[in-house]
Amino acid sequence: MAAPVRMRMSRTALLPVALLLLCAIPLASAATWALVVLLVPVLVAAWVLTVGVDVDDDAITVRSLIGRRRVPWSHLAGIRVAPRGDLWLVTTEATEVRLPVLRVRDLPRLAAVSGGRIPSPGPAD
């Protein structure tokens, strides 16, 4: 069994989070209750580091900040592309699972790592 392929948000997204933390420190030091402001950059950093999609031989696992959902290949009916370019897994139970960090431009990579289970998009006719 091959190791899962992890598709995550680029770590460069942590640069604005660091800037947000730097800007929040003076506000948080102004009052004790304002320490709650420091939670915002911490939660955003946790989201950047956690959210993503893992593709392995058995399933696609969608990871969010508070949990994960595993969709076995046998339960995958297809992929829906939303009008704004978001990708959604459509299951055989007629439910949909959003792929949080993937967009239409990521379809060829997703098709490649799926081992042929997801067809590669071709040019428009």
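How exposed is arginine 98, by relative accessibility? At 36% relative accessibility, arginine 98 counts as partly exposed, and the legends below show where that residue and others sit.

This is a predicted model, where local features need pLDDT of at least 70, side-chain atom pairs count only at pLDDT 80 or more, and totals for chains, interfaces and linings use all residues. Residues are numbered from 1 along each chain as its sequence is written, and side-chain values use heavy atoms, with hydrogens and water left out.

**View 1. Arginine 98 pairs up with aspartate 86 in a salt bridge.** The closest N and O atoms are 3.9 Å apart; a salt bridge here is a side-chain nitrogen of Lys or Arg within 4 Å of a carboxyl oxygen of Asp or Glu. Arginine 98 belongs to strand β7 (residues 96-103) and aspartate 86 to strand β6 (residues 86-91), 12 residues apart. Helices (H or I, at least four residues) and strands (E, at least two) are DSSP runs, numbered from the N terminus. Aspartate 86 is buried, at a relative accessible area of 15%. Buried means under 20% relative accessible area, exposed over 50%, and partly exposed in between (1.4 Å probe, protein chains only).

View 2. Aspartate 54 meets arginine 8 at 2.9 Å, N to O. That pair links distant parts of the chain, with arginine 8 in strand β1 (residues 5-8) and aspartate 54 in strand β2, 46 residues apart. Aspartate 54 also bridges to arginine 63, with the closest N and O atoms 2.5 Å apart. Aspartate 54 is buried, with a relative accessible area of 6%, while arginine 63 is partly exposed at 25% relative accessibility. The structure holds 7 salt bridges.

View 3. Valine 55 counts as buried, at 1% relative accessibility. Leaving aside neighbours within four places in sequence, valine 55 has contacts (heavy atoms within 4.5 Å) that include Pro4, Ile60, Trp73 and Leu110. Alanine 3 is 52 residues away in sequence, yet the C-alpha atoms of valine 55 and alanine 3 are 8.9 Å apart.

**View 4. Helix α2 (residues 39-50) has buried residues, among them Ala45.** Pro41, Ala45 and Val48 are buried in α2. They cover an arc of only 60 degrees around the axis, so they lie on the same side of α2; the arc is that of the directions from the helix axis to the C-beta atoms. The cover over the buried residues of α2 includes α1 (14-30).

Methods: The expected span of a helix is 1.5 Å times one less than its number of residues.
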